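Here's a quick briefing to read alongside the model. Have the sequence and the 3D view open as you go.

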Amino acid sequence: MKPARVLLLLLIAALSLAGMAMPAAAEGSALGGPITRSEVIWRAQYWVDHQPGPYNQGGDAPGPGGDFRYRRDCSGYISMAWHLADNPWTGALPNYSQEIPRADLRPGDILNSYYDHVFLFHQWEDDHGGFSYYSFGSTPVRHLRANINDASLDGHPNGDYKALRYTKIIEDTAAAPHPYAAGRVVSGRSADGRMETFAAGADGVYHSWQTEPNAGWSAWEFKGGPRNAQLAIAPNADGRLELFALSDGTFDHIWQNSPSGTWSNWENFGTGGYRVAAGANADGRIEVFASNGSGVFHRWQTSPNGGWSGWEGTLGGPANSRLAMESALDGRLEVFALSDSTFEHLWQTGVNGAWSSWENFGTGGHDLTVNHNTDGRLEAFASNANGVFHRWQTGFSSWSGWEGTGGGPANSELTSDRSVDGRVEVFAVNGATASHTWQTNPNAPYSAWDNFGTGGTEINAGHNADGRIEVFASSGAGVFHRWQTGFADWSGWGWLKDSAGPAIR
């Protein structure tokens, strides 16, 4: 009885979580209860990072959090990854699952040989049948690769296996993608999974892209466009990315001509302003917000992948405010606007619908970032001269008060992303230092701030197709990045390719 390791392939992105501790327990599921695919993978990776001991059908070891002890063999490993309240053998796993076609295998599913062995499917690696998986067929627990057409899989005849799906699996949120963070440096993922990054230089916009998903980067390419711009990036319904560049004198945009394809020429999108944010409605239509000295304005696609409305006011909003956008669990967008003197927000009153009036959200500050917890509750962070503060939804229409985060760099630029298990991680940089803090469990409190590097002028975080976070930071010396090399480990800072890219001061 051999378990499989569903690859929690977080291991290549670019963030520097120098001393991040492994979460003690994934709070997203209860013992024996429904569980998301991402949590199954996180649990499988836990025994890779914390080896349970040698393969022994008479031995056992705890899963993360220690709420149950699981047999140290292949089916015990699957039981641990699925967070079962039992230790069924391979012949009993069909009682917890249903058979599916092999072509439908997704992360967290299993390939089960009734009498002999079972392993956990991670993901397809190519279009020729290659895949990765987790297995505990022998010591140690490992992540491996195979081809679905091989004569044998993990040491047993291919034909003995059936593809099974846990009956309590929950699909991870897949409605409209959550908005990407805006700023002087932005990153989004093309339809094929490659990250595409843009940086706003004094002479225009520069572009670098991954040459393949989860891999290295191209050289920087000069794209022209507005100088010293604020940038935002959003996906069209058909997967084509669209980039928006706002300077104090003009507003232009470009878009991919086809999903994952080349980029259009620049086209005017409006007049100058201060800050910009963009995201997709639940129906796939992009909506763009921009601030200037008169307040906050927006325009939107009139149909998915289609044309645009004119600019309209939002009946106020803080003048010259920094903007952030997030989406609620039901797909409604919410916009946050922070100026030097006030903080306000507004939200869609229905999915794809009209907008509320602006509502006070706090006092003024320097910068903001907004993200979402695993359970869908939004969480907002803001910096000022005293450090970094946050507040979070206590329900889907109510918020906590503001609370400190135990420090954080004063007057820092902020960004955030979510690790593969759903924990929010926040990154902050000012002219002297960079720091980060992370949830110790999904939906849970945060760690102490930890050093993430030296000072800079801008910071942005995204994640690779395999879930690994990658962080981009700028200074007068150019644009640099670092990425997760493991669940809690980070690369050092480096160039994206063979040059530092544009200086951003």
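Let's start with asparagine 305, which counts as partly exposed because its relative accessibility is 32%, and partly exposed covers the range between under 20% (buried) and over 50% (exposed). Keep in mind that this is a predicted model.

**The loop around asparagine 305**
- Asparagine 305 sits in the loop that runs between strand S23 (295–300) and strand S24 (312–313).
- If you trace from glycine 306 to asparagine 214, you cover 92 residues in sequence and 30 Å in space, C-alpha to C-alpha.

**Other backbone spots to check**
- Asparagine 443 isn't a glycine, yet it has a positive phi of about 65°.
- You'll find asparagine 443 in the loop between strand S35 (433–438) and S36.
- With a relative accessibility of 22%, asparagine 443 counts as partly exposed.
- Threonine 139 and proline 140 are joined by a cis peptide bond, with omega at about 0°.
- Proline 140 belongs to the loop between strand S7 (130–135) and strand S8 (142–147).
- For background, most residues other than glycine have a negative phi, and most peptide bonds are trans.

- Aspartate 252 lies in strand S19 (residues 250–255).
- What aspartate 252 does have is a polar contact of 3.2 Å, side chain to side chain, with asparagine 268.

**The second largest pocket**
- The second largest pocket holds about 160 Å³ of space.
- Its lining includes Val429, Ala434, Phe452, Ala473, Phe480 and Trp493.
- Also among the lining residues are Gly453, Thr454, Gly455, Gly456, Ser474 and Ser475.
- Strand S36 (450–454) and strand S38 (469–475) each contribute at least two residues to this lining.
- Sorted by class, the lining of the second largest pocket comes out as 6 nonpolar, 6 polar and no charged residues.

Key:
Residues numbered from 1 in each chain as written. Predicted model: local features only at pLDDT ≥ 70, side-chain atom pairs only at ≥ 80, totals over all residues. Heavy atoms only, no water. 1 Å grid on protein atoms, 1.4 Å probe; cavity = no way out; pocket = protein on both sides within 12 Å on 5 of 7 lines; lining within 4 Å. Points joined across faces, edges and corners; volume = space filled by probe spheres on them. Helix = DSSP H or I, 4+ residues; strand = E, 2+ residues; numbered from the N terminus. Nonpolar A, V, L, I, M, F, W, Y, C, P; charged D, E, K, R; others polar. Polar contact = N/O pair within 3.5 Å; in protein donor to acceptor, adjacent residues only side chain to side chain. Buried < 20%, exposed > 50% of the residue type's maximum accessible area, 1.4 Å probe, protein only.
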